[in-house]
Amino acid sequence: MSGPNPGGLGTIGTNTVARVGYGAMQLFQTTPEAAAAVLRRAVELGVNHIDTASFYGPGEVNRRIRDALAPYPEDLVIVSKVGARHTGADPIPLAAAQRPAELRAAVEDDLEQLGLDRIPVVNLRRMDLGPGVAAEGDQIVDLDDQLAEMIALRDEGKIGAIGMSSVPLEVLRRALPAGIVCVQNAYSLLDRSQEEMVEVCNDEGIAWVPYFPLGSAFPGFPKVSDNPVVAEIAGELGVTGSQVGLAWLLAHSPNTLLIPGTRSVGHLEENLGAGDVVLDAGALERLDAVATPGADPWAHGVEPFLEAPNS
């Protein structure tokens with residue numbers, strides 16, 4: 001478990017948040033009562049950054065957040081994302097929803113489902129990077145058109161700030177004049193392909209919020225906790241491999257915010273406990289050597305499912 005600010009304090013836009021937050025995607029895969037228990041325990045343990053989307057469920061995750069936590073704590077920062085829609089198809093239950101009108105409709109869904117007048121941060125989920133679905137036909141939308149709509153939503157007060165998800169560095173650079181406050185891309189101890197992005201975000205004062213922070217949950221793809229170096233250090237410290245993997249992310253770059261997801265109060269407490277794990281210089285050196293910065297771990301494999309469970 002952790003203290004009042006798991007992992008210490010970080011920033012996302014103008015908001016100060018605990019560096020270990022919570023990703024709510026999995027909450028529609030359990031009962032409303034179990035979802036409420038996880039959410040309430042998260043807030044009780046100091047989580048004030050919750051990541052969601054209207055296409056999770058679809059809508060059910062947002063409604064469960066509202067049912068469990070409204071009226072919301074004053075310091076709670078809810079971050080959503082737009083750019084996809086739920087289809088329920090197998091194996092990837094999402095499709096692109098990239099057009100400006102669809103981005104606006106998703107924000108309106110968030111506002112209604114969450115019972116908010118403004119969403120503090122909304123990420124534009126592009127289809128530039130895997131894993132997941134690609135944009136085709138009229139879903140191939142110019143970035144400038146999307147940003148114009150996001151800026152309009154911000155000017156109207158419906159969103160507080162703009163983030164981005166699943167974008168390469170060149171797309172982030174194009175978007176910087178819009179005032180980007182966070183980036184969500186796949187990244188972990190085992191997946192260092194976004195290393196330059198981490199550095200640019202740090203230099204620009206942009207929160208780095210990696211998904212797949214513990215590797216992929218799918219068979220045949222590596223998990224951080226299974227890595228022998230991670231397991232060895234976990235044994236030395238008397239903590240779990242997952243905690244070592246999350247602690248490495250926190251130590252690696254000061255602008256990192258974590259949003260590991262889970263349906264379990266026990267896993268939630270384990271994830272938040274990563275904020276208390278101290279990795280000394282020797283452990284960090286051993287962990288840094290596990291993967292090559294800039295290397296793509298998926299180059300020779302099948303892309304994993306979009307935004308799979310993190311734990």
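Student: Which residue is the bridge partner of Ile12 in β2?
Tutor: Asn15 is the partner of Ile12. Strands here are DSSP runs of E with at least two residues, and helices are runs of H or I with at least four, numbered from the N terminus. Keep in mind that this is a predicted model: local features need pLDDT of at least 70, side-chain atom pairs count only at pLDDT 80 or more, and totals for chains, interfaces and linings use all residues. Residues are numbered from 1 along each chain as its sequence is written, and side-chain values use heavy atoms, with hydrogens and water left out.

Student: OK, how many bridges join β1 to β2?
Tutor: There are 4, between β1 (residues 9–12) and β2 (residues 15–18), and the two strands run antiparallel. Two strands pair if DSSP finds at least two bridges between them.

Student: What's Gly13 doing in that hairpin?
Tutor: Gly13 takes a positive phi near 65°, in a hairpin with 2 residues between the strands.

Student: And the 7-strand sheet, what's its order?
Tutor: The order is β3-β4-β5-β8-β9-β10-β11, an open sheet with parallel pairing. Its edge strands are β3 (22–23) and β11 (207–208), each pairing on one side only.

Student: How many bridges link β9 and β10?
Tutor: β9 (residues 162–165) and β10 (residues 180–184) share 4 bridges in the parallel sense. Ile162 has Ile180 in β10 as its bridge partner.

Student: Switching topic: which residues have the most contacts inside the largest nonpolar core?
Tutor: Ile65 and Leu172, in a core of 80 residues. Helix α8 (residues 241–252) gives the most to this core, with 6 residues. A nonpolar core is a set of buried Ala, Val, Leu, Ile, Met, Phe, Trp, Tyr and Cys residues joined through side-chain atoms within 4.5 Å.

Student: What does Leu172 touch?
Tutor: Not counting residues up to four places away in sequence, Leu172 touches Met164, Ile180, Val183, Met197, Val200, Cys201 and Ile206. Contact means heavy atoms within 4.5 Å.

Student: Last one: why does Asn62 count as buried?
Tutor: Because its relative accessibility is 0%. Buried means under 20% relative accessible area, exposed over 50%, and partly exposed in between (1.4 Å probe, protein chains only). Asn62 is in helix α2 (residues 60–69).

Student: Which side chain does the Asn62 side chain make a polar contact with?
Tutor: That of Asp110, at 2.8 Å. A polar contact of 2.8 Å also joins the side chains of Asn62 and Gln113. Such a contact is a pair of N or O atoms within 3.5 Å; within protein, one must be able to donate a hydrogen and the other to accept it, and residues adjacent in sequence count only if both atoms are side-chain atoms.
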